[in-house]
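Here is a short note for your first look at this model. Keep the structure open and check each point as you read.

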Amino acid sequence: MEKGSSSGIEAVNNPVLNFRRFLIVSVPLVAVVYAVWYWSSDHQQLTAFYRQLNPDFYKATNWSSVFFTAEVKSAGNWWCLAAVIASAGWAFLAWKSRLPHIPKLKFTKNQSLVYAGIAVAGIILSLIANIHTNYGTDEVFSALNFASLPSFQCASYYVLPNNHIIFNLINGIGSTIHFNLVESGRFLSLICYVIALCSSWYFLQKWIRSSWLRVLSLLLLALQLHAWGFSGQARGYELVFLLSLLSLFTFWGYWFENKEYLLPLHAGCNVAGMLTVPSYLYWWVGLMLASFLFMIWEKRIDRGYIKAALGSALMTLLVFLPLLTFSGLTSLSHNEYVRPRNANGLDFITDLYDLHYVKGLFNDWFCSGTFTAGIEVLCLLCMALVFFYPRRDKKYRALGIIWVSMLIAFISMATLMLRTPFNRNLIAQGYLAEMFILIALGTFVTARLTRIASVLLLSGVIVYSAVINFNRMPSKLYEFDVNSCINKLSACKTPFRPRCTIWLDDECFYWDYILKRKYPDPGFRIMLNKSAFARQDYCILPSGMQPPSDTAGYRISENIGEYTIYERIR
């Protein structure tokens, strides 16, 4: 019997062991090959290589003079050296790390039915969000300017933070299956949403005993504005939301359930989260701070976790190498969305209060409306105190440590950067806050009467949240009235001729969607991001601009919104 068990373990672990050996060899090899290629090529050769992949991309005309400059190439040489060293360090850590036994997943029939039910509910909710919302400008921009690019360009071109790299790389595969990258991106978000809900159910089972309360808690979480809204959007927020939850749940399994096999998955989620949306760093720093506090609490140093965290940091540098060598560090650290808004920390805190940032954030998370931010913050602190209550067991206190760590990480990083992120970038933090509140409330629900009262209360909150958040989509997701924009542009009266050619300026990308929506099958040839202007039949430009050439050969057909439509004079 022991012999059979041993062979079973070997059968499970051998593929994983072989895969690790493959990574230990291939990762440094790829880093060295990339570095040698980059070092041996000058700026002009790399520029030519990049344009050969696809010459027609967003801002291609000034790419080599504004984005991939000689300074970026020079810094890229050093980044390649750092990557070679990092790859060797990562391989050493991987070689020295113990390979844990990976158990086989087992699901009972009842468990399978429960997760199938959650998946069906998640699909329905995501489709509601999808059908209810028109294509947002950010969705169209990401699909046309990033997901449609060749993989290397998608991974290396970071002209704006709209490029959620891993999401767009995966979505780019959809171009071979479905021509509409917005729809394929929305389908990808649906999958992420369903997996996130299933993993949330798995975690809630550890804390909430009543099945009814657990079902209602999950439904309330599923209806939170950003979690629900972005399940129907072709953006990377739902993917980073899923990665955040998986990193938390694997973090918990490693620290408190002795599941060492979850540590590589936890490390992988952190790397993938960073490459999807760099603001994931708020979440990652929060988890690392919690791990540090756990080690102090338990009076021990967890070398396994430290190795995994260091390995994640090294791998993050490696996966960012194409971006760093072709777009530069400043594209990440000094773009318009992360540059400081204030001169010092005091101005930042004052501005934060004046802008009602916290109040708006809590309104998005909890539909709190006119409640003051102070009351909401007090509620979260009270929730943390419930976890720290002396009579609670160790695991409840650990939840409190995690939540406090997340708060400290966010406040500290935002203050150091003198900049707060968009509310949607904190999608996982809002979900975590609501989940922990539900868990905290669950600690008091023991008697039958309190269970009935809790069911009635949650039912009312669920109906309220569903109605409020349904009506806030999609405008509240981006703080931009998408429907109004679409209605205004769709009202254009220019009689585009059948089978005509239409040239779009880089900043007029949204017209690609507007024209295809207004004229489903007109035979138009829409030309976006084309550097060569060849007197197309029509051209759409931002107001105040004129056709790139042969201005006298065009007349203004219509001014609509912030755009001007020109028609070629026959």
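Buried means under 20% relative accessible area, exposed means over 50%, and partly exposed lies in between. Keep in mind that this is a predicted model.

1. Start with K59. Its relative accessibility is 24%, so K59 counts as partly exposed. The residue sits in the loop between α2 and α3 (63-67). Look at its backbone too. K59 is not a glycine, yet its phi is positive, at about 60 degrees.

2. N258 belongs to the loop between α12 and α13. Is N258 buried or exposed? With a relative accessible area of 69%, N258 is exposed.

3. Helix α12 covers residues 237-256, and helix α13 covers residues 263-276. Their axes come within 8 Å and cross at roughly 155 degrees. Angles over 145 degrees count as roughly antiparallel, and α12 and α13 are therefore roughly antiparallel to each other. The crossing of α12 past α13 is left-handed. On the α12 side, the contact residues include L239, L243, L246 and F251. On the α13 side, they include L265, H266, C269 and A272.

4. Helix α5 (residues 109-132) packs with helix α9 (residues 181-204) at an angle of about 140 degrees. The axes of α5 and α9 are 9 Å apart. How are α5 and α9 oriented? They are oblique to each other. Here the crossing of α5 past α9 is right-handed. Among the α5 residues in this contact are Y115, I118, G122 and I123. Those in α9 include R186, L190, Y193 and W201.

5. Go back to helix α2, residues 43-53. Which of its residues are buried? They are L46, T47 and Y50. Seen down the axis of α2, its buried residues fall within an arc of 100 degrees, so they line one face of the helix. Q44 and Q52 are exposed on the other side of α2. The N-terminal end of α2 has a cap, D42. A side-chain oxygen of D42 lies 3.2 Å from the backbone nitrogen of Q44.

6. Next, find L458 in helix α23 (residues 448-472). L458 has a relative accessible area of 10%, so the residue is buried. Sequence and space tell separate stories here. L458 and S217 are 241 residues apart in sequence, and their C-alpha atoms are 7.4 Å apart in space. Neighbours within four places aside, L458 is in contact with L213, L216, S217, L220 and L438.

7. Follow the chain on to P474. This residue is in the loop between α23 and α24 (475-478). The peptide bond from M473 to P474 is cis. Its omega is near -5 degrees.

8. Finish with Q536. Where does Q536 lie? It is found in the loop between β2 (525-528) and β3 (538-542). Q536 has 4% relative accessibility and so counts as buried. What does Q536 touch, not counting residues up to four places away in sequence? Its contacts are T501, W503, M527, Y554 and R568.

Terms used:
Residues numbered from 1 in each chain as written. Predicted model: local features only at pLDDT ≥ 70, side-chain atom pairs only at ≥ 80, totals over all residues. Heavy atoms only, no water. Buried < 20%, exposed > 50% of the residue type's maximum accessible area, 1.4 Å probe, protein only. Helix = DSSP H or I, 4+ residues; strand = E, 2+ residues; numbered from the N terminus. Arc of directions from axis to C-beta. Polar contact = N/O pair within 3.5 Å; in protein donor to acceptor, adjacent residues only side chain to side chain. Axes fitted to C-alpha atoms, helices over the stretch in contact; angles between N-to-C directions. Parallel < 35°, antiparallel > 145°, perpendicular 65-115°, else oblique. Left-handed = near helix turned anticlockwise from the far one by under 90°. Contact = heavy atoms within 4.5 Å.
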